[in-house]
Amino acid sequence: MHFTANPSNVHDATVSVPGDKSISHRALMLGSIAKGSTDISGFLAGEDCLATLTAMRAMGVRIEQTGPTEIVVHGHGLHGLARPESALDLGNSGTAMRLMAGLLSGQDFDSQLVGDESLSGRPMGRVITPLAAMGADIGSEGGRPPLTVRGNTALAALDYVMPVASAQVKSAVLLAGLYADGVTCVVEPAVTRDHTERMLGAMGVEVQTSGHRISIQGGQALKSCPVRVPGDLSSAAFVILAAILSDNAEIVIESVGVNPTRTGVIDILQAMGADISLENARLLSQEPAADIRVRASELHGGPVDPELVSLAIDEFPVLFVAAAAAQGTTRFSGIGELRVKESDRIAAMSAGLRSLGIEVDESDDGAVVHGGQFSGGEVESFGDHRIAMSLAVAAGSASEPVVVRDTAAVETSFPGFAALMASLGLNIETGTA
Ligand code: S3P
(Lines give C-alpha, C1' and ligand atoms only; values in the text may rest on other atoms or scores of the structure.)
Protein backbone atom coordinates (compact mmCIF):
# COMPACT_ATOMS: atom_id res chain seq x y z
CA MET A 1 0.00 0.00 0.00
CA HIS A 2 1.04 3.60 -0.50
CA PHE A 3 -0.32 7.12 -0.14
CA THR A 4 -0.23 9.73 -2.86
CA ALA A 5 -0.66 13.11 -1.21
CA ASN A 6 -1.10 16.30 -3.19
CA PRO A 7 -0.57 19.86 -2.03
CA SER A 8 -3.77 20.82 -0.25
CA ASN A 9 -5.17 22.80 2.62
CA VAL A 10 -7.29 21.54 5.48
CA HIS A 11 -10.39 23.50 6.52
CA ASP A 12 -12.36 24.20 9.71
CA ALA A 13 -13.81 21.04 11.24
CA THR A 14 -14.74 19.19 14.41
CA VAL A 15 -13.51 15.60 14.43
CA SER A 16 -12.62 12.73 16.69
CA VAL A 17 -9.76 10.23 16.43
CA PRO A 18 -9.69 6.50 17.30
CA GLY A 19 -9.20 5.35 20.88
CA ASP A 20 -5.95 5.35 22.79
CA LYS A 21 -3.73 2.40 21.92
CA SER A 22 -1.93 2.14 25.26
CA ILE A 23 -5.16 2.23 27.27
CA SER A 24 -6.91 -0.26 24.94
CA HIS A 25 -4.11 -2.84 25.37
CA ARG A 26 -4.21 -2.44 29.13
CA ALA A 27 -8.02 -2.70 29.32
CA LEU A 28 -7.85 -6.09 27.58
CA MET A 29 -5.00 -7.45 29.69
CA LEU A 30 -6.18 -6.15 33.06
CA GLY A 31 -9.82 -6.97 32.25
CA SER A 32 -8.74 -10.55 31.56
CA ILE A 33 -7.19 -11.00 35.01
CA ALA A 34 -9.90 -9.07 36.85
CA LYS A 35 -12.92 -10.66 38.50
CA GLY A 36 -16.12 -9.78 36.64
CA SER A 37 -16.88 -8.24 33.26
CA THR A 38 -15.03 -5.19 31.98
CA ASP A 39 -17.04 -3.05 29.54
CA ILE A 40 -14.69 -1.13 27.29
CA SER A 41 -16.01 1.71 25.12
CA GLY A 42 -13.99 3.74 22.63
CA PHE A 43 -11.65 0.74 22.16
CA LEU A 44 -9.03 1.07 19.42
CA ALA A 45 -9.88 -1.71 16.96
CA GLY A 46 -6.48 -1.38 15.25
CA GLU A 47 -4.21 -4.30 14.43
CA ASP A 48 -1.97 -3.90 17.52
CA CYS A 49 -4.82 -4.07 20.05
CA LEU A 50 -6.59 -6.80 18.06
CA ALA A 51 -3.40 -8.87 18.42
CA THR A 52 -3.67 -8.50 22.19
CA LEU A 53 -7.38 -9.39 22.02
CA THR A 54 -6.63 -12.56 20.06
CA ALA A 55 -3.84 -13.48 22.49
CA MET A 56 -6.09 -13.10 25.54
CA ARG A 57 -8.77 -15.21 23.84
CA ALA A 58 -6.12 -17.86 23.13
CA MET A 59 -5.60 -18.03 26.90
CA GLY A 60 -9.25 -18.91 27.43
CA VAL A 61 -10.69 -15.45 28.12
CA ARG A 62 -14.14 -14.82 26.62
CA ILE A 63 -14.07 -11.44 24.90
CA GLU A 64 -17.07 -10.13 22.97
CA GLN A 65 -16.99 -7.31 20.47
CA THR A 66 -20.47 -5.80 20.87
CA GLY A 67 -19.93 -2.80 18.56
CA PRO A 68 -17.21 -1.23 16.39
CA THR A 69 -15.43 0.13 19.49
CA GLU A 70 -17.28 -1.72 22.26
CA ILE A 71 -15.74 -4.74 23.95
CA VAL A 72 -16.76 -6.86 26.91
CA VAL A 73 -14.00 -8.86 28.63
CA HIS A 74 -15.23 -11.65 30.90
CA GLY A 75 -12.35 -11.74 33.35
CA HIS A 76 -11.08 -14.93 34.95
CA GLY A 77 -9.32 -13.45 37.97
CA LEU A 78 -5.60 -13.29 38.68
CA HIS A 79 -5.03 -17.02 38.26
CA GLY A 80 -7.59 -17.80 35.56
CA LEU A 81 -5.55 -17.71 32.36
CA ALA A 82 -5.10 -21.00 30.50
CA ARG A 83 -2.11 -22.30 28.53
CA PRO A 84 -2.37 -21.19 24.88
CA GLU A 85 -2.32 -24.02 22.33
CA SER A 86 0.18 -22.24 20.09
CA ALA A 87 2.53 -19.26 20.00
CA LEU A 88 0.89 -15.88 20.67
CA ASP A 89 1.40 -13.68 17.60
CA LEU A 90 1.66 -10.05 18.67
CA GLY A 91 2.20 -8.68 15.16
CA ASN A 92 3.87 -5.27 15.19
CA SER A 93 3.18 -4.45 18.84
CA GLY A 94 6.05 -3.83 21.25
CA THR A 95 3.56 -2.88 23.96
CA ALA A 96 1.72 -6.20 23.64
CA MET A 97 4.93 -8.22 23.73
CA ARG A 98 6.62 -6.45 26.62
CA LEU A 99 3.52 -6.22 28.85
CA MET A 100 2.57 -9.80 28.01
CA ALA A 101 6.09 -11.00 28.98
CA GLY A 102 5.47 -9.56 32.46
CA LEU A 103 1.96 -10.97 32.73
CA LEU A 104 3.00 -14.44 31.58
CA SER A 105 6.06 -14.70 33.83
CA GLY A 106 3.90 -15.52 36.86
CA GLN A 107 1.58 -18.07 35.22
CA ASP A 108 1.53 -21.83 35.85
CA PHE A 109 2.14 -22.56 32.15
CA ASP A 110 4.74 -21.86 29.47
CA SER A 111 4.10 -19.68 26.44
CA GLN A 112 5.78 -18.38 23.30
CA LEU A 113 5.53 -14.81 22.02
CA VAL A 114 6.23 -14.03 18.36
CA GLY A 115 5.94 -10.93 16.20
CA ASP A 116 6.38 -9.56 12.69
CA GLU A 117 9.71 -8.61 11.11
CA SER A 118 9.85 -5.18 12.78
CA LEU A 119 8.96 -6.53 16.24
CA SER A 120 11.39 -9.43 15.81
CA GLY A 121 14.23 -6.91 15.58
CA ARG A 122 13.33 -4.96 18.72
CA PRO A 123 15.19 -5.24 22.05
CA MET A 124 13.54 -7.40 24.71
CA GLY A 125 16.54 -7.59 27.08
CA ARG A 126 15.06 -4.54 28.84
CA VAL A 127 12.15 -6.69 30.10
CA ILE A 128 14.00 -10.01 30.28
CA THR A 129 16.60 -8.65 32.75
CA PRO A 130 14.20 -7.49 35.50
CA LEU A 131 11.78 -10.38 34.97
CA ALA A 132 14.64 -12.89 35.23
CA ALA A 133 15.71 -11.19 38.47
CA MET A 134 12.19 -11.98 39.78
CA GLY A 135 12.65 -15.65 38.90
CA ALA A 136 11.15 -15.76 35.41
CA ASP A 137 12.88 -17.83 32.78
CA ILE A 138 12.59 -16.14 29.38
CA GLY A 139 14.39 -17.44 26.32
CA SER A 140 15.02 -15.18 23.32
CA GLU A 141 17.08 -14.91 20.14
CA GLY A 142 19.96 -12.89 21.55
CA GLY A 143 17.60 -10.55 23.42
CA ARG A 144 15.06 -10.32 20.58
CA PRO A 145 11.79 -12.16 19.83
CA PRO A 146 10.57 -14.83 19.69
CA LEU A 147 10.35 -15.14 23.47
CA THR A 148 9.77 -18.39 25.34
CA VAL A 149 8.30 -17.65 28.75
CA ARG A 150 8.52 -20.44 31.33
CA GLY A 151 5.86 -19.60 33.89
CA ASN A 152 6.92 -19.52 37.52
CA THR A 153 4.31 -19.33 40.27
CA ALA A 154 6.96 -18.45 42.86
CA LEU A 155 8.17 -15.08 41.53
CA ALA A 156 10.12 -12.97 44.01
CA ALA A 157 9.45 -9.24 44.49
CA LEU A 158 12.06 -6.91 43.02
CA ASP A 159 13.42 -3.43 43.66
CA TYR A 160 14.42 -2.28 40.19
CA VAL A 161 16.05 0.93 38.96
CA MET A 162 15.23 1.05 35.25
CA PRO A 163 18.12 2.06 32.99
CA VAL A 164 15.74 3.37 30.29
CA ALA A 165 12.64 5.49 30.70
CA SER A 166 10.05 3.03 29.42
CA ALA A 167 6.40 2.62 30.38
CA GLN A 168 6.48 -0.80 28.75
CA VAL A 169 9.27 -2.02 31.03
CA LYS A 170 7.65 -0.42 34.09
CA SER A 171 4.32 -2.06 33.23
CA ALA A 172 5.89 -5.48 32.60
CA VAL A 173 7.56 -5.42 36.03
CA LEU A 174 4.37 -4.19 37.77
CA LEU A 175 2.30 -6.93 36.11
CA ALA A 176 4.82 -9.58 37.19
CA GLY A 177 4.79 -7.88 40.60
CA LEU A 178 1.10 -8.73 40.93
CA TYR A 179 2.15 -12.40 40.96
CA ALA A 180 5.24 -11.97 43.17
CA ASP A 181 5.64 -12.55 46.86
CA GLY A 182 6.18 -9.16 48.54
CA VAL A 183 6.38 -5.56 47.35
CA THR A 184 7.86 -4.89 43.89
CA CYS A 185 9.26 -1.40 43.26
CA VAL A 186 10.28 0.23 40.01
CA VAL A 187 12.23 3.47 39.82
CA GLU A 188 12.07 5.26 36.46
CA PRO A 189 14.77 7.67 35.28
CA ALA A 190 12.09 10.00 33.87
CA VAL A 191 8.31 10.03 34.19
CA THR A 192 6.60 7.79 31.62
CA ARG A 193 2.94 7.19 30.82
CA ASP A 194 1.11 5.94 33.91
CA HIS A 195 -1.92 4.22 32.35
CA THR A 196 -1.10 0.88 34.02
CA GLU A 197 -0.96 2.44 37.48
CA ARG A 198 -4.22 4.36 36.92
CA MET A 199 -6.14 1.36 35.59
CA LEU A 200 -4.86 -0.95 38.33
CA GLY A 201 -5.98 1.69 40.84
CA ALA A 202 -9.44 1.88 39.25
CA MET A 203 -9.66 -1.91 39.52
CA GLY A 204 -9.04 -1.76 43.25
CA VAL A 205 -5.30 -2.52 43.33
CA GLU A 206 -3.17 -0.36 45.58
CA VAL A 207 -0.26 1.09 43.62
CA GLN A 208 1.93 3.62 45.39
CA THR A 209 3.73 6.35 43.46
CA SER A 210 6.26 8.56 45.16
CA GLY A 211 8.24 10.70 42.75
CA HIS A 212 9.82 8.34 40.25
CA ARG A 213 9.24 5.26 42.46
CA ILE A 214 6.22 3.01 41.91
CA SER A 215 5.40 0.08 44.24
CA ILE A 216 2.91 -2.75 44.18
CA GLN A 217 2.17 -5.51 46.70
CA GLY A 218 1.80 -8.92 45.07
CA GLY A 219 -1.32 -11.05 45.27
CA GLN A 220 -3.88 -8.22 45.08
CA ALA A 221 -7.14 -9.07 43.28
CA LEU A 222 -8.44 -6.89 40.42
CA LYS A 223 -12.15 -6.01 40.31
CA SER A 224 -13.59 -5.19 36.90
CA CYS A 225 -14.75 -1.64 36.20
CA PRO A 226 -15.98 0.10 33.03
CA VAL A 227 -13.20 1.59 30.90
CA ARG A 228 -14.04 4.56 28.65
CA VAL A 229 -11.07 4.99 26.33
CA PRO A 230 -10.33 8.59 25.26
CA GLY A 231 -9.11 9.44 21.75
CA ASP A 232 -5.40 8.81 21.25
CA LEU A 233 -3.33 11.99 21.56
CA SER A 234 -0.63 10.27 19.49
CA SER A 235 -3.15 10.01 16.61
CA ALA A 236 -4.59 13.47 17.26
CA ALA A 237 -1.05 14.82 16.80
CA PHE A 238 -1.32 14.30 13.02
CA VAL A 239 -4.55 16.29 12.86
CA ILE A 240 -3.03 18.97 15.11
CA LEU A 241 -0.08 19.38 12.79
CA ALA A 242 -2.24 19.46 9.65
CA ALA A 243 -4.26 22.31 11.20
CA ILE A 244 -1.12 24.19 12.27
CA LEU A 245 0.35 23.96 8.77
CA SER A 246 -2.91 25.04 7.05
CA ASP A 247 -3.54 28.56 5.71
CA ASN A 248 -6.20 29.47 8.26
CA ALA A 249 -8.03 26.39 9.57
CA GLU A 250 -9.40 25.94 13.07
CA ILE A 251 -10.00 22.34 14.09
CA VAL A 252 -11.48 20.89 17.26
CA ILE A 253 -10.60 17.28 18.12
CA GLU A 254 -13.11 16.01 20.62
CA SER A 255 -12.48 13.88 23.68
CA VAL A 256 -8.75 13.24 23.47
CA GLY A 257 -6.66 11.76 26.29
CA VAL A 258 -4.53 14.48 27.89
CA ASN A 259 -2.92 12.52 30.70
CA PRO A 260 0.00 14.78 31.78
CA THR A 261 2.42 11.91 31.14
CA ARG A 262 1.50 12.15 27.45
CA THR A 263 1.12 15.87 26.70
CA GLY A 264 4.75 16.70 25.86
CA VAL A 265 3.77 17.13 22.20
CA ILE A 266 1.40 19.98 23.10
CA ASP A 267 4.04 21.68 25.26
CA ILE A 268 6.68 21.37 22.54
CA LEU A 269 4.40 22.68 19.77
CA GLN A 270 3.19 25.56 21.96
CA ALA A 271 6.82 26.50 22.68
CA MET A 272 7.32 26.59 18.88
CA GLY A 273 4.42 29.06 18.56
CA ALA A 274 1.43 26.76 17.94
CA ASP A 275 -2.03 28.01 18.89
CA ILE A 276 -3.43 25.01 20.80
CA SER A 277 -5.88 25.10 23.68
CA LEU A 278 -7.65 22.49 25.78
CA GLU A 279 -11.37 22.80 26.51
CA ASN A 280 -13.96 20.84 28.52
CA ALA A 281 -11.34 19.14 30.67
CA ARG A 282 -12.84 16.08 32.35
CA LEU A 283 -12.07 12.55 33.47
CA LEU A 284 -12.99 9.58 31.27
CA SER A 285 -12.86 6.66 33.68
CA GLN A 286 -9.53 7.33 35.43
CA GLU A 287 -7.92 9.28 32.56
CA PRO A 288 -7.89 13.06 31.94
CA ALA A 289 -9.51 14.00 28.61
CA ALA A 290 -10.31 17.27 26.83
CA ASP A 291 -11.32 18.73 23.49
CA ILE A 292 -8.31 20.15 21.67
CA ARG A 293 -8.73 23.36 19.67
CA VAL A 294 -5.92 24.14 17.23
CA ARG A 295 -5.52 26.96 14.75
CA ALA A 296 -3.16 27.60 11.83
CA SER A 297 0.07 28.99 13.29
CA GLU A 298 3.54 30.20 12.29
CA LEU A 299 6.09 27.91 13.94
CA HIS A 300 9.62 28.84 14.96
CA GLY A 301 12.49 26.51 15.80
CA GLY A 302 14.68 26.33 18.89
CA PRO A 303 16.06 23.73 21.27
CA VAL A 304 13.46 21.15 22.36
CA ASP A 305 13.51 20.58 26.13
CA PRO A 306 14.99 17.06 26.70
CA GLU A 307 12.91 16.83 29.90
CA LEU A 308 9.85 16.48 27.65
CA VAL A 309 11.17 13.52 25.63
CA SER A 310 9.55 10.72 27.66
CA LEU A 311 6.26 12.66 27.68
CA ALA A 312 6.21 12.91 23.86
CA ILE A 313 8.06 9.73 22.93
CA ASP A 314 5.74 8.68 20.08
CA GLU A 315 5.27 12.16 18.64
CA PHE A 316 8.82 12.86 17.47
CA PRO A 317 8.14 11.85 13.86
CA VAL A 318 5.40 14.47 13.65
CA LEU A 319 7.56 16.94 15.59
CA PHE A 320 10.29 16.50 12.97
CA VAL A 321 7.72 17.64 10.38
CA ALA A 322 6.81 20.62 12.58
CA ALA A 323 10.51 21.48 12.83
CA ALA A 324 10.94 21.22 9.06
CA ALA A 325 8.02 23.61 8.53
CA ALA A 326 9.24 26.06 11.20
CA GLN A 327 11.31 29.20 10.72
CA GLY A 328 14.90 28.59 11.80
CA THR A 329 16.55 25.55 13.31
CA THR A 330 15.16 23.00 15.77
CA ARG A 331 17.49 20.90 17.90
CA PHE A 332 16.27 17.55 19.29
CA SER A 333 18.45 15.87 21.92
CA GLY A 334 18.14 12.85 24.22
CA ILE A 335 15.94 11.00 21.71
CA GLY A 336 18.12 7.87 21.26
CA GLU A 337 15.12 5.64 22.19
CA LEU A 338 13.62 6.56 18.81
CA ARG A 339 16.18 4.31 17.18
CA VAL A 340 14.49 1.19 18.66
CA LYS A 341 10.85 1.96 17.92
CA GLU A 342 8.86 0.34 15.05
CA SER A 343 11.71 1.66 12.87
CA ASP A 344 14.82 3.71 13.56
CA ARG A 345 12.75 6.88 13.66
CA ILE A 346 15.67 9.31 13.69
CA ALA A 347 17.05 7.74 10.51
CA ALA A 348 13.62 7.29 8.91
CA MET A 349 12.50 10.88 9.45
CA SER A 350 15.88 12.30 8.47
CA ALA A 351 15.79 10.32 5.22
CA GLY A 352 12.15 11.23 4.51
CA LEU A 353 12.62 14.94 5.14
CA ARG A 354 15.83 15.04 3.08
CA SER A 355 13.93 13.48 0.16
CA LEU A 356 11.51 16.40 0.48
CA GLY A 357 14.35 18.95 0.32
CA ILE A 358 14.83 19.60 4.05
CA GLU A 359 18.30 19.75 5.60
CA VAL A 360 18.72 17.47 8.65
CA ASP A 361 21.89 16.77 10.67
CA GLU A 362 21.63 13.47 12.51
CA SER A 363 23.54 12.36 15.61
CA ASP A 364 23.38 9.20 17.73
CA ASP A 365 20.67 10.50 20.02
CA GLY A 366 19.48 13.64 18.33
CA ALA A 367 18.92 15.67 15.19
CA VAL A 368 19.04 19.25 14.01
CA VAL A 369 16.29 20.11 11.53
CA HIS A 370 16.64 23.23 9.38
CA GLY A 371 13.26 24.73 8.47
CA GLY A 372 12.46 24.99 4.77
CA GLN A 373 9.88 24.26 2.07
CA PHE A 374 8.82 20.68 1.32
CA SER A 375 9.34 19.67 -2.31
CA GLY A 376 7.54 16.78 -3.99
CA GLY A 377 9.06 13.31 -4.21
CA GLU A 378 8.87 9.74 -3.10
CA VAL A 379 9.53 8.74 0.52
CA GLU A 380 9.78 5.49 2.50
CA SER A 381 7.88 4.77 5.71
CA PHE A 382 10.09 1.76 6.56
CA GLY A 383 6.85 -0.02 7.45
CA ASP A 384 6.38 2.31 10.43
CA HIS A 385 2.86 3.69 10.94
CA ARG A 386 3.94 6.97 12.51
CA ILE A 387 6.57 7.68 9.84
CA ALA A 388 3.95 7.08 7.12
CA MET A 389 1.39 9.41 8.72
CA SER A 390 3.94 12.12 9.56
CA LEU A 391 5.23 12.25 5.99
CA ALA A 392 1.67 12.26 4.61
CA VAL A 393 0.91 15.37 6.69
CA ALA A 394 4.12 17.02 5.45
CA ALA A 395 3.03 16.20 1.89
CA GLY A 396 -0.06 18.40 2.25
CA SER A 397 2.25 21.44 2.48
CA ALA A 398 4.64 20.32 -0.28
CA SER A 399 5.06 22.14 -3.57
CA GLU A 400 4.44 18.98 -5.65
CA PRO A 401 2.79 15.58 -5.04
CA VAL A 402 4.47 13.15 -2.65
CA VAL A 403 4.24 9.35 -2.70
CA VAL A 404 4.65 7.69 0.72
CA ARG A 405 5.61 4.02 0.29
CA ASP A 406 4.69 1.02 2.46
CA THR A 407 1.81 2.48 4.44
CA ALA A 408 -0.09 -0.68 5.44
CA ALA A 409 1.14 -0.41 9.06
CA VAL A 410 -1.07 2.68 9.56
CA GLU A 411 -3.80 0.14 10.41
CA THR A 412 -1.89 -0.82 13.58
CA SER A 413 -2.80 2.42 15.35
CA PHE A 414 -5.02 4.67 13.20
CA PRO A 415 -7.60 2.79 11.14
CA GLY A 416 -9.27 5.30 8.80
CA PHE A 417 -6.37 7.78 8.86
CA ALA A 418 -6.46 8.58 5.12
CA ALA A 419 -10.25 8.96 5.07
CA LEU A 420 -10.23 11.24 8.12
CA MET A 421 -7.48 13.44 6.68
CA ALA A 422 -9.31 13.55 3.32
CA SER A 423 -12.49 14.67 5.12
CA LEU A 424 -10.47 17.61 6.48
CA GLY A 425 -9.38 18.59 2.96
CA LEU A 426 -6.00 16.87 2.72
CA ASN A 427 -5.81 15.50 -0.82
CA ILE A 428 -4.59 12.00 -0.05
CA GLU A 429 -5.25 8.80 -1.99
CA THR A 430 -4.48 5.25 -0.94
CA GLY A 431 -3.02 2.96 -3.62
CA THR A 432 -2.45 -0.77 -3.43
CA ALA A 433 0.72 -1.17 -5.52
C1 S3P B 1 3.85 2.51 25.28
C2 S3P B 1 5.03 3.01 25.74
C3 S3P B 1 6.03 3.65 24.86
C4 S3P B 1 5.48 3.99 23.49
C5 S3P B 1 4.60 2.91 22.94
C6 S3P B 1 3.44 2.61 23.87
C7 S3P B 1 2.94 1.87 26.25
O8 S3P B 1 7.12 2.76 24.73
O9 S3P B 1 6.52 4.26 22.59
O10 S3P B 1 4.06 3.29 21.67
O11 S3P B 1 1.76 1.66 25.92
O12 S3P B 1 3.39 1.57 27.36
P13 S3P B 1 8.32 2.78 25.82
O14 S3P B 1 7.66 2.80 27.12
O15 S3P B 1 9.12 1.53 25.63
O16 S3P B 1 9.09 4.03 25.50
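In the hairpin formed by β8 and β9, 2 residues lie between the strands, and glycine 142 adopts a positive phi near 60 degrees. Strands, like helices, are DSSP runs numbered from the N terminus (E, at least two residues, for strands; H or I, at least four, for helices). This is a predicted model, in which local features need pLDDT of at least 70, side-chain atom pairs count only at pLDDT 80 or more, and totals for chains, interfaces and linings use all residues. Residues are numbered from 1 along each chain as its sequence is written, and side-chain values use heavy atoms, with hydrogens and water left out.

Strand β8 (residues 137–141) and strand β9 (residues 144–150) run antiparallel and are joined by 4 bridges; two strands pair if DSSP finds at least two bridges between them. Within this pairing, glycine 139 stands opposite threonine 148 of β9. A hairpin with 2 residues between its strands is also formed by β20 and β21. Here strand β20 (residues 359–363) pairs with strand β21 (residues 366–370) in the antiparallel sense, over 5 bridges. Serine 363 has glycine 366 in β21 as its bridge partner.

The aromatic side chains come next. A pair of aromatic rings is described by the distance of the centres and the angle of the planes. Rings of Phe, Tyr and Trp (its six-membered ring) pair if their centres lie within 6.5 Å, and planes under 30 degrees apart count as stacked, over 60 as edge-to-face and the rest as tilted. The count by this rule is 5 aromatic pairs. In one of them, phenylalanine 238 and phenylalanine 417 have ring centres 6.0 Å apart and planes at 75 degrees, so the pair is edge-to-face. Because phenylalanine 238 lies in helix α8 (residues 233–245) and phenylalanine 417 in helix α13 (residues 417–423), this pair ties together parts that are 179 residues apart in sequence. Phenylalanine 417 also pairs with phenylalanine 414: the ring centres are 5.4 Å apart and the planes stand at 70 degrees, so this pair too is edge-to-face.

Phenylalanine 238 is buried, with a relative accessible area of 2%, where buried means under 20%, exposed over 50% and partly exposed in between (1.4 Å probe, protein chains only). Phenylalanine 417 is buried at 1% relative accessibility, and phenylalanine 414 is buried at 1%. One aromatic cluster is formed by Phe3, Phe238, Phe414 and Phe417.

The largest pocket has a volume of about 570 Å³. Of the 36 residues lining this pocket, Ala165, Ser166, Ala167, Ile313 and Lys341 are the closest to its centre. A pocket is an open set of points on a 1 Å grid over the protein atoms alone, where a 1.4 Å probe fits, with protein on both sides within 12 Å along at least five of seven lines; lining residues have an atom within 4 Å of a point. Helices α1 (21–32), α3 (94–105) and α6 (167–178) each supply at least two residues of the lining of the largest pocket. Domain 1 (2–19 + 230–431) and domain 2 (21–223) both give residues to this lining, so the largest pocket lies between them; the domain bounds come from an automatic or database domain assignment.

The second largest pocket has a volume of about 350 Å³. Of its 17 lining residues, the closest to the centre are Leu245, Ser297, Glu298, Ala325 and Ala326.

Note on methods:
Grid points are joined across faces, edges and corners, and a volume is the space filled by probe spheres set on the points.
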